[in-house]
Structures are given as C-alpha cells and as structure tokens.
Amino acid sequence: MALLISRWFFLRCLGSSDYPRVSSQSFRFSNALCSHVFGDRLSSTSGKDESPVLASRRLSTSILTPESSEGAFPSDLLSKNRIVTPERTIGLCQDLVIPVTNFHNEDKGLMVLAGDVFDVPIRKDIVHRVVRWQLAKRQQGTHSTKTISEVSGTGRKPWRQKGTGRARHGTLRGPQFRGGATMHGPKPRSHAIKLNKKVRRLGLKIALSARAAEGKLMVFEDLEIPTHKTKNIVNYVEQMEDKKKLLLVDGGPISEKLKLATQNIHYVNVLPSIGLNVYSILLHDTLVMSRDAINKIVERMHTPINR
C-alpha cells in the first residue's frame, strides 16, 4: 500500500519528467491524503525542510531490521501473523533434545537422544522386511496332515481287479476316499526366513526415528506408579492428548505394580527394553520410554555385531 501511494500517486500529483504538473489544489489533496494514511509518523520522520512526499518516499523504502526502532516502520503495515519456522529435516543423524517428564506431567529436565539411533533416514522397505521376518518367525508351524501310511484303516484290496465293472483300487485309504489320506498336505516345519542382523537393527532404528519425528516418542524419568490400581493408568492416559494406544518400555524387568495396573487395559502394553521390536512399535501410536530404557537401547544399538 505504501509503495502504491508514495511512488505512483504522489509522483503523479507533484509531476516529474514523465508526468505533467498539476494544480496546487491537487497537491493539497495529496498532502491531506498522505497525512490521513501515515498520520503523525510521517511528520515525525520528515525534517523541517523535507516535503511530505519525499518523506513518504523515504518511508516506503525503509528496511525493517532487528536493530530498527518501533517507529521506523508503520505498525499497521506489519503482519501480526506468527512466523512459522521450517520443520526439522529428518534423517540427518543429528542428536535430538527431548524433554523428560513422568506420569504426573512434571518437568524432569532434558535428555539427548543419539542421532544415529533416533534420527536415521526413513526407509519403508527395511521396515517391511523386518516385519515379515518377525511374523514369519513367530509362526508355530505345528500344522500337520496324515499321509496314506498314517491313516487308520485296512490295507487290503477292496475288490478284485476285474469283473465287477467298478474302478480298480488297491486300498480304501487313498485321497479320493472319505476319511482317506491328504496328498501334499502341510507338515510341521519352521516358517522363519533369514534376515541379516544389521538389517534387523536398522529396522528398529527406523521405527524409533519415525516415532521421534512424529512427536510420538515420550521420555519418562521412570515408570514407577504409587499403586497397582488400573484407574491410575487410565487417568494418566486421559491427560495425554491424541494418545490412542500406548507402549510403555522400561529398562529392566517390569514392576509388579505396573503389570497389574495395565493387564486389564487393551490399549496400554508394557515391554522391557530387551523385548522392544519393530512390530510392537508399529502397533502402538505412542511410545513411552524411561531414561533407563533409552540408555539400554542406545547401548544395544552401538554394540558390534558378532559375525
């Protein structure tokens, strides 16, 4: 608006080499309009021998810097919208600083998360491979069917080979008979597939980094609760915003109070740090870890792989 008025309207009213001169009445009108737009700011910024038009031109080309005073630029022309800083770039392996709290939402300081564990590039293909490996390895593989030698029944020939007009058969335990054998059926076996240790470790790092990037990773000082009552955990979860399913991870063995308090809540599960895995992280939208659990996970990720 300042550029439009100062550089177009007033130059046209005063006249220059490109615009024709106008009467004094038009100049008085432009001076009044300038005073109406800028008010006292224009008169305070202009000198005694400086015309209002030149002052408005100088004001319109002012640059707002951190060292500028409040009167260096009209406040009504400044935007009152909050400046949004760009989001952090994910996957640069930079250390993260995250606040530490507890179930009572008390401030317990800050904690630095290792960037090579909690800020690695997100790769969906690695996560997919690790999840397939987990689900395949946990299959029992106890399915079994009976072959022709395992089915109970006689082994004699049901009728003679020729002369009856019926199809020839040598046994009634064949797969074409009711109660007979199953051909090429499943037998007990392992469904596990091979996956390198470094890929499994990378999958866990990616899952932790994804939760940290989404703001769904919370660090608690500890997971101690006063009593084993379920209502305490329910109240704690209700105080958290946008938390649908929680996974609590502690550094050592889970305390008996925490086990009893969470065993009847389907949306809260607990795990020790040694049992933390990719599939469990993906099943829960929020990951709550204690300080001890963070240290154990980082130590586990930094341990050399035995070959």
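**Chat about a sheet, a helix and some salt bridges**

Modeller: Glu 214 and Arg 211 sit three residues apart in helix H7 (residues 197–214), about one turn of the helix. Bear in mind that this is a predicted model.

Colleague: Hi! What do Glu 214 and Arg 211 form, and how far apart are the closest N and O atoms?

Modeller: They form a salt bridge, and the closest N and O atoms are 2.9 Å apart.

Colleague: And is Arg 211 buried or exposed?

Modeller: Arg 211 is buried, at 9% relative accessible area.

Colleague: Nice. How many salt bridges does a search of the whole structure find?

Modeller: The search turns up six salt bridges. One of them pairs the side chains of Arg 291 and Glu 221, at 2.7 Å from N to O. That pair links distant parts of the chain, 70 residues apart: Arg 291 is in helix H11, while Glu 221 is in the loop between S3 and helix H8 (230–239).

Colleague: How accessible is Arg 291? And Glu 221?

Modeller: Arg 291 counts as partly exposed at 22% relative accessibility. Glu 221 also gets the label partly exposed, at 32%.

Colleague: Which residue does Asp 292 form a salt bridge with?

Modeller: Asp 292 forms a salt bridge with Lys 296, with 3.8 Å between the closest N and O atoms. The two are four residues apart in helix H11, so about one helical turn separates them. Asp 292 is partly exposed at 36% relative accessible area, and Lys 296 is partly exposed at 34%.

Colleague: OK, new topic. Which strands does helix H11 lie across?

Modeller: Helix H11 (residues 291–302) lies across S1, S2, S3, strand S4 (246–250) and strand S6 (286–290). The helix runs at about 90° to S6.

Colleague: So what does the sheet look like? In what order do the six strands come?

Modeller: The order is S2-S1-S3-S6-S4-S5, in an open sheet with mixed pairing.

Colleague: Can you walk me through S1? How do S1 and S2 run, and how many bridges join them?

Modeller: S1 and S2 run antiparallel, joined by four bridges. For example, Ile 98 has Met 111 as its bridge partner in S2.

Colleague: And on the S3 side, do S1 and S3 run parallel or antiparallel?

Modeller: Parallel: strand S1 (residues 96–101) and strand S3 (residues 217–220) are joined by two bridges. Val 100 has Val 219 as its bridge partner in S3, and Thr 101 stands opposite Phe 220 in S3.

Colleague: Is Ser 290 buried or exposed?

Modeller: Ser 290 has a relative accessible area of 1%. The cut-off for buried is under 20%, so Ser 290 counts as buried.

Colleague: Last bit, the whole chain. How many helices and strands are there?

Modeller: The chain has 11 helices and six strands. It has 307 residues, of which 34% count as buried. The accessible surface comes to about 20400 Å², with 53% of that belonging to carbon and sulfur atoms.

Colleague: Of the contacts between residues at least 6 apart in sequence, what share joins residues at least 24 apart?

Modeller: That share is 66%.

Colleague: Great, thanks!

Technical notes. Residues numbered from 1 in each chain as written. Predicted model: local features only at pLDDT ≥ 70, side-chain atom pairs only at ≥ 80, totals over all residues. Heavy atoms only, no water. Pairing = 2+ DSSP bridges. Contact = heavy atoms within 4.5 Å. Axes fitted to C-alpha atoms, helices over the stretch in contact; angles between N-to-C directions. Buried < 20%, exposed > 50% of the residue type's maximum accessible area, 1.4 Å probe, protein only. Salt bridge = Lys/Arg side-chain N within 4 Å of Asp/Glu carboxyl O. Areas by Shrake-Rupley, 256 points an atom, 1.4 Å probe, with all protein chains shown as cover.
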